[in-house]
Each structure stands twice: as structure tokens, then as C-alpha cells.
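Subject: Structure handover

Hello,

Here is the structure I promised to pass on. Please open it first, then read my notes below.

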Amino acid sequence: MPEPLLATTGLRAGYGGKPVLQGVDLAVRPGEIVAVIGRNGVGKSTLMRSLVGLLPASAGGIAFRGAAVEGLAAHRRARLGIGYVPQGRDVFPRMSVADNLTVGASLLPKGERPDYERAFGPFPILRERRGQRAGTLSGGQQQQLAIGRVLVGGPALILLDEPSEGIQPSVVQQIGRTLVDLNHRTGVTIVFVEQNLDLIRAMAQRSYVMDKGRIVAELTARDLDDRDLVRRHLAV
Amino acid sequence: MDLLTHAFTFLYQIGDAFSFLVLSACGLAVVFGMMGVINLAHGELIMCGAYVTAASTRAGLPLPLGILAGALAAGAVGMVMERLVIRHLYGRPLDTIVATWGISLAATQGTLILLGSSMPGIGTPLGSFTVGGYSYSTYRVVLMVAAVAVLAGLYLAFNATRFGTLARATIQVPHMAEALGVDTRTVYALTFGLGAALAGLAGGLYAPTMTIVPTMGTTFIMEAFVTVVVGGADIFLGTAPAALVLGTVRALLTTWQGQLFGQIGLLVAVILVIRVLPRGISGLILRERA
């Protein structure tokens, strides 16, 4: 097994002294697409925020490309190649699509010209709407912008938190296909939190199941083919 | 006095009130309007700019360079203030009010103790010009041009530069900017520093027209806050039109009934606008809901 791109050991984190993550151990190899599933409130989004650096780890470690990153500020982790597409998308609402992408490209080293084709190629709608205020885009378009905004920074790992939330099913499928295609073409590693069974089955090569702040099971590609098994892990 | 002269006097007074409001408020519009930091020491940053400008001009520096020195000094003081105090209080407005009020008092009294109750002025340059038998200060016209130039400069800084894009992103969704690789602490520090430098610029520009005393900040701060509150969060759609509206009200009432009524009218206008438009003028233009 090659060295993992991302690995956590005994990761703990929470809000204001209230623990949410109770010791998460996971490892993701370069080029994988891994889903994180589980019921509401088991800590999936908290895990994402903690990996990105928006929530400090209270104990345990996060290794990215073999180096410890749990002590780094979020912007330093982003510059190492961790891209984050949050739940609710968080586009900059009063800025144009183009300016949103500029922010995504700002982490590139000085002198490297941003390549906006990285976003426009997979998501042509962004080119069409580049002068439009991001807050006026539809949910699906905002999701594409949030992903495109990360892509222009050339990440090695993309963390997506519920990419299907609040988006019409046809667009969800299209975004799923685009991400899988991107993974095939560029080898970018993807870890995503999801409740949508179809999107999980369309994208994930394997999956972690979370419960009460821990990883409690791992599903292989074959397990993911079993709709009922996956549905049981998603159910309340 | 014929009609044209009347019209000119009136326009001159509107311009004068407008430039005063724009210049005193633009730094605060950045710090309070954009960043949401209530900086009660804004007036003391203006005072700092005035003192440095007056001191360096008296030491032989040409006035424009003296004004620049005032702006840079206030900007540097602002960055230090952000690093030591403001940074620890983001998202805690009440604590920020108390802390910056404390800074304001300490700065006023400290200046009084160290530099005395007043500093010799530097005199208004450029003399005057005459229209229809009445004379007007040429320097006041320079101030009007400066106010417009500052607005244009800020527009370019926030909309046409990389820093401006990152600053707007940081102010709109801070955690997302951070997660995209923006060093948001540095952006906040620089933005606060910019606001402080604009305050210093206002102090420097008005230094030749005022008595330079430690409490001079209070002359500016009330007008600065009401202009920003009436304007709302956007400098260009808010602060500038607010300064124009309030400046016109003040000029009208001052011409009609004198300075005191000008001041009262300004405050009444503020109360009326806030009653009708809780998000200020830019809130109306951007159709933000209260």
C-alpha cells in the first residue's frame, strides 16, 4: 500500500469543550475517492472542518503527504494542497464569479499565472456567468463555483461536505460525473461527506461509516453495490 | 448678491461639508462599515495625523509630504493597535467599544501631558479667490478635490487590485477565505491599517485649517459615525451619497439659520434616515433586507 495522502490518528475535536470527534482514524491513498457516511449529527462535517483547519484538533494527529499539519492554520493547509468545498457552498455572495475564482487562485505561488480553465473546463457555466454576482446564482451553479474555486488552486485533495444538498437531482448527477472524470484525468484525491445514496454509489470507491464521533465501519466497493446495506448506515 | 453668486456660495458650502464628511468618514467606513469594528479611537487617529503633519511641516517638510507623513504615521499606529488590541476582540463589539474608548481617552490625555494643551498651527496655504465680491479659501477647494480623489482611490483599491479582492472575500465569508488559502489575519491587519491611514490623512488635510489640540478628534468622530451609519456598509454606494445628503442638509440650514441649526439639522436628518432605512443608503440600493 502506498503512503497515504491523508491520515488521521486518534483525532479529537469539538465546540466549546463539547467533544464531537472522539478519536477518528482514517487513511486515504492518493487518487482515491472516499465517502464518509453516517446519520445526522455523528460528526461528519466536524471532521471536514477539522481536517481543513477551521476547527482546531484537541488531540490526535492529521498527516498530509506524510507531514503533520494539525498545528497549521487553515490557509497554510490550503497552500499545501487541501481544497475545501463546504456544506452550503459559502461562495462570496457580493462578488462576481470571476472574483470568487481569483480568491481560489490566490494561494498559487507568486509568478504562477492562474489557469482558470481548470474551473471553466469542467464547469462551462462558470465561464458564461463569470460577470454575475455569485449570490444570484442557483444552488447548483453555486456548487459548481465552489468546486471550481478550489480547482483553480490546483489541490491534491478535495474535501466536499454534502455536495448534493439543496441541488436538483439532474445537476447532482452531472456534478458527480464531472468529479469522477476529474479524478480519472488528474488523479486528484476526493473525500466527501454525503447522504445521497445515488451520488455515493456514483462516486465512491470505498466508504467510511461514522457514528458518535468515530469511524465504526469501512465499506468496500462491493459493499457499496448493496443498496440496502448502505441505506442502513445512512438511516437514522 | 446676485443669483449666480448665491448659487456658487451654496455649492461651495455643500462641497465643504461633503468633503469634511467624506474625509472624516472614509477611514471609519473601511473599519466600521466593512470590517464591523466600532473604533471609538478613530478621532484620535485623525488627531495623530494632524499632529504629525503639523510637526513635520513646521520642521520644514513641504505640506503635501507632511500630510503623507501624517497618514503613514496614523496607519502604523493603527496596525500596532490592531495587533495588540483589536485582533483579540473581533466579533465582540461591546468589548471593542470599551477597549477603543480606553485607547481614545489614553491617547487624548497622553498627548495633553506630553505635548501640552495645543500645538502651534501651520496656517492655511494658497490664500483665497473672489467670486462676485465674496472671497473663498482656495485650500477648501483642494479639500473637495482630495475627498473625491480618496473615494476614487478607494474604489480602485477594493475593486481593481488583488488585495481588494482578497479583502472583500475575507470580509464577506472569513472562514471560507481562510480555507482557500487567504491569510485572513494579515488581511484584517492591513485593512485596519488602511482605515487608520485614511483617518490620518483626514487629520493631515485639515491640520492647516484647525486649532491643533489633543481633543480635536471629537470634532470629527460624531460626523464620521453618523455618515457611516447613514451610508450603510458600502463606501461608494453608502458613504459618498450619505455625505452628499447630510452635507446638503447642513449647508442649507447653516445658510438659513447659522451653524447651530446646521448641526441640529444634520442630526435630525440622521435620525430620519435611520428610521426609514435601517441598513443605510447602500442597504436600500443593494436591496438588503433589515
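Phe129(B) has Tyr136(B) as its bridge partner in strand 2 of chain B. Please keep in mind that this is a predicted model. The two strands involved are strand 1 (residues 128–131) and strand 2 (residues 134–137) of chain B. They pair in the antiparallel sense, over 4 bridges. The hairpin they form has 2 residues between the strands. Gly132(B) takes a positive phi there, near 55°.

Next, a helix pair in chain B. Helix 2 covers residues 42–58 and helix 9 covers residues 217–231 of chain B. Their axes come within 8 Å and cross at roughly 135°. Angles over 145 degrees would count as roughly antiparallel, and 65 to 115 as roughly perpendicular, so helix 2 of chain B is oblique to helix 9 of chain B. The crossing of these two helices is right-handed.

Which residues meet there? From helix 2 of chain B come His42(B), Gly43(B), Glu44(B), Ile46(B) and Met47(B). From helix 9 of chain B come Gly217(B), Thr218(B), Phe220(B), Ile221(B) and Ala224(B). By class, this contact has 5 nonpolar, 4 polar and 1 charged residues.

Last, the two chains together. How many residues are in contact between chain A and chain B? On chain A there are 21, and they touch 16 residues of chain B. Helix 2 (74–80) and helix 3 (97–105) of chain A each supply at least two residues of the chain A side. That side has 11 nonpolar, 5 polar and 5 charged residues.

Best wishes

Methods. Residues are numbered from 1 along each chain as its sequence is written. Chains are lettered from A and ligands numbered from 1 in the order in which they are written. This is a predicted model: local features need pLDDT of at least 70, side-chain atom pairs count only at pLDDT 80 or more; totals for chains, interfaces and linings use all residues. Two residues are in contact if their C-beta atoms, placed from the backbone, lie within 7 Å. Ala, Val, Leu, Ile, Met, Phe, Trp, Tyr, Cys and Pro count as nonpolar, Asp, Glu, Lys and Arg as charged, and the others, Gly among them, as polar. Axes are lines fitted to C-alpha atoms, for helices over the stretch in contact, and angles run from 0 to 180 degrees between N-to-C directions. Angles under 35 degrees count as roughly parallel, over 145 as roughly antiparallel, 65 to 115 as roughly perpendicular and the rest as oblique. A crossing is left-handed if the near helix is turned anticlockwise from the far one by less than a right angle, and right-handed if clockwise. Two strands pair if DSSP finds at least two bridges between them.
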